[in-house]
Amino acid sequence: MSTTTRRLRPGRRTTLAVAGTLAATLTLTACGGGSDDDAATDGGADGDFTGQTLTVAAYAGSWGESFTQAFVDPFEEATGATVELVPGGPADWVTALRSSAGGEPVYDLVGLTPNVVPSAVAAGIVAELDTDRVADFDDLNPILVEQSEIDGANYGVPLTVGATGIAYRTDLVPEAPTDWSDLLDPALCGHIGVSPLTFNTGVEFLAGLINENGGSITEAADVDAAFAELEGVADCASVFPTDSTSVETALIGGDAWATAHWDGRTFVQQNNGEPIGYTYPASGSVGALTSYFVTEGTPNEDLAYAFLNYLASPDYQPTFSEGTWYAASNDTNVYSEEFAAQINHGPGAYDDFVWVDYPVITPQLGDLQARWQEIFG
């Protein structure tokens, strides 16, 4: 990540607790108002925060670079504050916050995906969101907002959304896949990438396959039927990617001709000249989302809400999206023609998405992964 040392650091603690649920160990890949006295308008953050530091957990690489360009740089210039980004992934961040529970949290704002939100809320490490302090909250896509709700209460501000669909080698797959079951086509036997359920896309592929058959991943009989399908192609899987990088390596190297993957990362490869195509499955893509949460007990709450205004603003989100090739949450965003032509976005774009019901499925993930392991070894 091309930021200064001031912004990118390994964290405030060197020893992290190992405790956490399976949901908090999943490997992950693909927002604002000020204080009452310093209310933010038009996506900005009024007020002088000179000398104050906001610690934000954010992905590294091109995601973090785009995050810095779109949000951090203009925020620092407008407010005089310093933003320090802590790289990693949601599993790392949840573990670190658990280790600091009861004291000052190690981050002021943290990006989380839906699979770890239930455990983060249950552990009391993220605070319920005051939506009145988020200037553009009413313009955020309501379907995405709903994914950060637990028991009717909102906790997070959705930032970036991806679709899990099918990435495939255009030079090796004779006919582009159209739906999830095409990954089980005998013509692809020996060339299928199947991720374990400890990685988001593994769960998302399972959910998509079940949805195509008219079922739900929360229904035991539907899960049984999907596992029966997987048993039928157990010998056809050629690689078992455990993170997004290994998915992309398998595709580029030809170890997998087709596999479940996120649209944004696939389009980055495609736009870099790789012979890789992408299919939004006809029965529905599975939603992938990163939302931002104010941590419980942060002493920098006003500063955190001021920064959330930038994360939610249509003034800054398009810059971030066009750097990552993921759509962002504000339905009023205006994107470049190239981006808009490739990426589904805006009102109605997520109506047919399949969303994994993690509050229900999380307690079952250990058993589901054990069944997956029996099939694929």
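Visitor: What makes Asp171 count as partly exposed?
Guide: Its relative accessibility is 47%, and the label "partly exposed" covers values between buried (under 20% relative accessible area) and exposed (over 50%), found with a 1.4 Å probe and protein chains only. Asp171 therefore belongs in that middle class. Before we go on, this is a predicted model, in which local features need pLDDT of at least 70 and side-chain atom pairs count only at pLDDT 80 or more, while totals for chains, interfaces and linings use all residues. Residues are numbered from 1 along each chain as its sequence is written, and side-chain values use heavy atoms, with hydrogens and water left out.

Visitor: How many salt bridges does a search of the whole structure find?
Guide: The search finds five. One of them brings together the side chains of Glu301 and Arg133, at 2.8 Å from N to O. That pair links distant parts of the chain, with Glu301 in helix H9 (residues 301–312) and Arg133 in the loop between H3 and H4, 168 residues apart. Helices (H or I, at least four residues) and strands (E, at least two) are DSSP runs, numbered from the N terminus. Arg133 also forms a salt bridge with Asp302, where the closest N and O atoms are 2.8 Å apart. Here too distant parts of the chain are linked, since Asp302 is in helix H9, 169 residues from Arg133.

Visitor: What makes strand S1 largely enclosed by the rest of the structure?
Guide: Strand S1 (residues 53–57) has five residues and four of them are buried, so the rest of the structure largely encloses it.

Visitor: How do you know that S1 is joined to strand S2?
Guide: Five bridges join S1 to S2 (residues 82–86), and the two run parallel. Strands pair if DSSP finds at least two bridges between them, so S1 and S2 count as paired. In one of these links, Thr55 has Glu84 of S2 as its bridge partner.

Visitor: Which residues form a negative surface patch?
Guide: They are Glu128, Asp130, Asp132, Asp138 and Asp139. Asp and Glu count as negative, Lys and Arg as positive, and His and the chain ends are not counted. A charge patch takes residues with over 30% relative accessible area and no salt bridge, joining like charges within 9 Å. Asp130 has 33%, so it passes the area cut-off. Asp130 is in the loop between helix H3 (117–122) and helix H4 (142–146).

Visitor: What is the phi of Asp151, a residue other than glycine?
Guide: Phi of Asp151 is near 50°, a positive value. Most residues other than glycine have a negative phi. Asp151 is exposed, with a relative accessible area of 81%, and is in the loop between strand S4 (149–150) and strand S5 (153–154). Trp325 also has a positive phi, of about 65°, but Trp325 is buried, at 12% relative accessibility.

Technical notes:
Patches are made of residues with over 30% relative accessible area and no salt bridge: like charges are joined within 9 Å, nonpolar side chains (Val, Leu, Ile, Met, Phe, Trp, Tyr) within 5 Å. Accessible areas come from the Shrake-Rupley method with a 1.4 Å probe; for residues, only the protein chains shown count as cover. A salt bridge is a side-chain nitrogen of Lys or Arg within 4 Å of a carboxyl oxygen of Asp or Glu. The place of a charge is taken as NZ of Lys, CZ of Arg, CG of Asp or CD of Glu.
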